[in-house]
Amino acid sequence: MNTPGRLRQAASSSPKVVHLDSVRAARKPVVIETSHRWSWPEWGAIAATLVVGVLAGTLGLHSVQGETTFASGGSNGTLTARGKLDTALTRQLASAPPAAGSAITIGVSFVAKEGQYCRTFAVGGAAGLACRSDGQWTIPVLTDSGGGAAGAYRQAGSAMPPAVLDAVDARTVGPSLDAKGEQAAAQRGWSR
């Protein structure tokens with residue numbers, strides 16, 4: 001019987017024993033990619049970019065009654081009211097109608113959990129919350145009010161954007177100040 005060489009070699013050689021553990025160890029691991037998880041610094045960078053963009057687009061670069069700066073950013077990333085916004089927050093009462101031709105509307109005034117006075121406002125196409133701290137108005141919340149919301153804001157405090165309403169709810173400890181409470185706070189320079 002004439003057997004081909006390959007078959008004769010396979011039949012005459014001893015069987016090869018393979019251990020599965022060695023085969024498994026020789027395999028390359030399978031890498032399964034997962035979706036990217038955002039870190040706090042990345043979220044912070046996105047939030048800072050959003051605030052700067054809104055500020056530059058609605059307050060810092062647009063002229064309202066001849067003034068171009070309503071707020072400025074500090075070295076710690078905090079926005080601070082400047083110019084006419086600072087004046088309106090300090091002097092204008094929510095209970096009184098805004099001055100003729102004023103582009104700034106004050107909404108509600110209240111005492112925050114931290115003990116300082118806070119006030120909501122609308123200017124141009126933006127709305128926000130400002131709180132009095134160390135003799136100045138800091139702005140923890142500033143948002144686009146959706147174009148024509150400033151007129152509706154004047155007529156009803158509930159026309160505030162949701163971000164501002166949420167910030168007020170998170171900070172307030174009691175009812176909003178009435179006309180007498182606002183006058184007394186303004187006379188004390190909004191300090192307690």
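Predicted model: local features only at pLDDT ≥ 70, side-chain atom pairs only at ≥ 80, totals over all residues.
Of the contacts in the protein with a separation of 6 or more, 46% come from residues 24 or more positions apart. Numbering runs from 1 along each chain as its sequence is written, and side-chain values use heavy atoms, with hydrogens and water left out.

Next, the layout. I count 7 helices and 6 strands, taken as DSSP runs numbered from the N terminus (helices H or I, at least four residues; strands E, at least two). From the N terminus on, the order reads α-α-α-β-β-α-β-β-β-β-α-α-α.

Then strand pairing, which needs at least two DSSP bridges between two strands. Strand 5 (residues 126-133) and strand 6 run antiparallel and are joined by 7 bridges; I found G128 opposite L142 of strand 6. Their hairpin has 2 residues between the strands, and D134 there takes a positive phi near 55°. Strand 6 (residues 136-144) also pairs with strand 2 (residues 79-81), antiparallel again, over 2 bridges. In that pairing, L79 has I139 as its bridge partner.

Which residues of helix 6 are buried? I looked at residues 162-171 and got V164, A167 and V168, buried being under 20% relative accessible area, exposed over 50% and partly exposed in between (1.4 Å probe, protein chains only). They sit on the same side of helix 6 because they cover an arc of only 100° around the axis, the arc being that of the directions from the helix axis to the C-beta atoms. The face turned away from the buried side carries exposed P162, D166 and D169. Cover for the buried residues includes strand 3 (104-111), strand 4 (117-123), strand 5 and strand 6.

One pair I checked there: T143 and V164 are 21 residues apart in sequence and 7.6 Å apart in space, C-alpha to C-alpha. T143 lies in strand 6 and is buried, at 18% relative accessible area.

The protein exposes about 12300 Å², 57% of it from carbon and sulfur atoms (Shrake-Rupley method, 1.4 Å probe; for residues, only the protein chains shown count as cover). Buried residues make up 29% of the 192 residues. I46, in helix 3 (residues 40-60), is partly exposed at 39% relative accessible area.

Notes: Contact = heavy atoms within 4.5 Å.
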